[in-house]
Amino acid sequence: MNIYSDDFIKATKLFVGLSAVYFVAIDAIWGPGNVKYGLALLICGVLLVHTAGRGQDYLRRRDTQVVAYLSSNPGTPLPKISAATGLKQGSVASSLQRLAADGLVVTESGTAPLTRSYRLAR
């Protein structure tokens with residue numbers, strides 16, 4: 001099982017956001033409560049929970065672009081994938097690494113990352 005950094009970030013945002021909302025509720029019920037502080041904390045908590053999955057959506061769209069390109073252009077090196085999709089080489093490399101770890105993409109040839117050819121797994 002692979003746990004990617006974006007999954008960790010999503011879990012962290014959810015945990016911190018829900019914890020903030022919890023502490024605001026506890027403070028409002030049992031604490032002396034500072035309205036300004038409580039409201040600010042509540043807004044931050046809700047925003048963290050609301051935005052927790054947005055980064056993952058971007059990564060999935062980026063991975064989908066790479067897979068779509070490789071489906072019609074097998075054996076393509078990273079710089080060509082980057083140029084064709086309009087994504088930065090670092091972003092494409094990250095997507096290829098994630099897709100290879102999941103078994104969706106395989107390396108055909110080359111030793112250095114910029115000279116390797118990639119294709120979809122069969």
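Predicted model: local features only at pLDDT ≥ 70, side-chain atom pairs only at ≥ 80, totals over all residues.
In strand β3, Leu120 is the bridge partner of Val105. Residues are numbered from 1 along each chain as its sequence is written, and side-chain values use heavy atoms, with hydrogens and water left out.

**The sheet**

Helices (H or I, at least four residues) and strands (E, at least two) are DSSP runs, numbered from the N terminus. The chain has five helices and three strands, and along the sequence they follow the pattern α-α-α-β-α-α-β-β. The three strands form an open sheet in the order β1-β3-β2, with antiparallel pairing. Its edge strands are β1 (76–77) and β2 (105–109), each of which pairs on one side only. Two strands pair if DSSP finds at least two bridges between them. As background, strands of a sheet pair through backbone hydrogen bonds, either parallel or antiparallel.

Here are the two pairings, each with a residue pair:

| Strands | Sense | Bridges | A residue pair |
|---|---|---|---|
| β1 and β3 | antiparallel | two bridges | Thr76 and Tyr118 |

**The core**

Which residues does Val105 touch, leaving aside its neighbours within four places in sequence? Val105 is in contact (heavy atoms within 4.5 Å) with Leu70, Leu96, Leu99, Ala100, Tyr118, Arg119, Leu120 and Ala121.

Val105 also belongs to the largest nonpolar core, which has eleven residues, among them Leu70, Leu96, Leu99 and Tyr118. The elements that give two or more residues to this core are α3 (54–72), α4 (78–85) and α5. A nonpolar core is a set of buried Ala, Val, Leu, Ile, Met, Phe, Trp, Tyr and Cys residues joined through side-chain atoms within 4.5 Å. Buried means under 20% relative accessible area, exposed over 50%, and partly exposed in between (1.4 Å probe, protein chains only). Of the 122 residues of the chain, 26% count as buried. In soluble globular proteins, nonpolar side chains tend to be buried together.

**Helix α5**

Helix α5 (residues 89–101) has 13 residues and reaches 18 Å from its first C-alpha to its last, close to the 18 Å expected at 1.5 Å a residue. That expected span is 1.5 Å times one less than the number of residues. Which residues of α5 are buried? They are Ser91, Val92, Ser95, Leu96, Arg98 and Leu99. Seen down the axis of α5, these buried residues fall within an arc of 165°, so they line one face of the helix. The arc is that of the directions from the helix axis to the C-beta atoms. An α-helix has 3.6 residues a turn, so residues three or four places apart point the same way. On the other side of α5, Gly90 and Gln97 are exposed. After α5 comes Gly103, whose phi is positive, near 85°.
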